[in-house]
Amino acid sequence: MDYPWSIAAAAMIMIGIALIIYALVRRPQPAKINWIAYSAHYAKGPRFRALVASLRRTVIIQGATVCALILVISLMAGGPVTSHTHRQSDISRDIVLCLDVSGSMLNTDRKVTQSFREIIEHFEGERVALHVWNSTDATVFPLTDDYDMALFELRKLENLLKQADVDNFGSALVSDELYDFLELTMPMGAEGTSLVADGVASCVLAFPQAPNGRSRTMIVATDNEPQGSSVYTLDQATDLAKQRHVKIFGLYSHDSSLYGMPDFYSESEAQKQKTELAQSVKKTGGKIFDVSDAQGIQTILEDIDRQTSNKQKKGRLITTVSDNNLVYAVVLMTLLSILFISAGVSRR
């Protein structure tokens, strides 16, 4: 059986209530009583009767409040307790989310961030990182199992991306806040955009260099439409991933409304780029899916689950206990406030 700290707190509060009751019932007695003759008729006056009635109401309120306090404290001490036990670091998987934030991707990146959130919500024990890139790479958060923080950053990015629009001429219209964020991946003087190979290579390097016994998976979302020269070729980047035992899955995201626009690929060219990406990813043991493919995310998650199903590390047991006493605490503070106020009224 689990005994939450509320039992100790209840004991302390009971002592406090006893002291309050003692202070209420204890009245300072005058050193000398002076009797006044012919004053009996005052007890029949309306003012005296009103004072007596007020005192009675105060005593009743105080008594009822004390009873309610005892009841609430009893409920806090003996209330339901939620206990959850799990092994710390019992799942040995690292996942890097790798997002292309070039202009041609901004309209579809909102959908991608939703897919990334769906992936993270599935995790329990895995470490996950998020990197974004255009001409250079930027780390949104490194490998971590702090899912609350990861989901917060993804929602923040999703809200930023809602402030962007790529018009029919292929021009990206962004807010100042989003521009400041994107500038991290497109610094002053940078040449080229959507450098897929460099982005993939940077995400590979986000994994620990030394082998640590954890499986390594990268999920890269891009339309594979590089503009300009890069340090790596796509084959070199995926070869690097293979050398470091990183399995790559692709979420292919293409905005069909941009077909034929200046500096953007035609439909046939886009299909060619998709095929090239699929072939490169396949070398690492992965495959690509359209970001609109609902089954694709599920397939990726199932593959991640299979990678280390027989290689889970045993960590120490962690037990989390919650006594769910927030409501009781609020009621307790309210009752104590009533008791103190009524004590002040009774002393007037």
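**Figure 1. Asp239 and its salt bridge to Lys283.** Asp239 is partly exposed in this predicted model, because its relative accessibility is 34%. Its side chain meets that of Lys283 in a salt bridge, with N and O 3.0 Å apart. The pair links distant parts of the chain, 44 residues apart: Asp239 belongs to helix 7, and Lys283 to the loop between helix 8 (267-282) and strand 9 (288-290). Lys283 has a relative accessibility of 32%, so Lys283 counts as partly exposed.

**Figure 2. A salt bridge between Asp305 and Arg93.** The side chains of Asp305 and Arg93 meet at 3.6 Å, N to O. This pair also joins distant parts of the chain: Asp305 is in helix 9 (residues 294-307) and Arg93 is in strand 2 (residues 93-100), 212 residues apart. Are the two partners buried or exposed? Asp305 is partly exposed, because its relative accessible area is 28%. Arg93 has a relative accessibility of 4%, so Arg93 counts as buried. A network of salt bridges links Arg93, Glu126 and Asp305. A search of the whole structure finds ten salt bridges.

**Figure 3. Asp303 and Arg306 within helix 9.** Asp303 and Arg306 form a salt bridge, and their closest N and O atoms are 3.6 Å apart. Both residues lie in helix 9, three residues apart, which is about one turn of the helix. An α-helix has 3.6 residues a turn, so residues three or four places apart point the same way. Asp303 counts as buried because its relative accessibility is 12%, and the cut-off for buried is under 20%. Arg306 counts as exposed because its relative accessibility is 53%, and exposed means over 50%.

Figure 4. Helix 3 covers residues 106-122, a run of 17 residues.

Figure 5. Which residues form the negative surface patch? The patch is made of Asp176, Glu177, Asp180 and Glu183. Asp180 lies in helix 5, which runs over residues 176-182. Asp180 has a relative accessibility of 48%, so Asp180 counts as partly exposed.

**Figure 6. Ser194, a residue with positive phi.** Ser194 is not a glycine, yet its phi is positive, at about 50°. Where is Ser194 found? Ser194 is in the loop between helix 5 and helix 6 (196-204). Ser194 counts as buried because its relative accessibility is 1%.

**Figure 7. Asn224, another residue with positive phi.** Asn224 is a residue other than glycine, and its phi has a positive value near 50°. Asn224 sits in the loop between strand 7 (215-222) and helix 7 (234-243). Is Asn224 buried or exposed? Asn224 is buried, because its relative accessible area is 3%.

Methods. Residues numbered from 1 in each chain as written. Predicted model: local features only at pLDDT ≥ 70, side-chain atom pairs only at ≥ 80, totals over all residues. Heavy atoms only, no water. Helix = DSSP H or I, 4+ residues; strand = E, 2+ residues; numbered from the N terminus. Expected span 1.5 Å × (residues − 1). Patch = residues over 30% accessible without salt bridge, like charges linked within 9 Å, V, L, I, M, F, W, Y side chains within 5 Å. Areas by Shrake-Rupley, 256 points an atom, 1.4 Å probe, with all protein chains shown as cover. Salt bridge = Lys/Arg side-chain N within 4 Å of Asp/Glu carboxyl O. Lys, Arg positive; Asp, Glu negative; His and termini not counted. Charge placed at Lys NZ, Arg CZ, Asp CG, Glu CD. Buried < 20%, exposed > 50% of the residue type's maximum accessible area, 1.4 Å probe, protein only.
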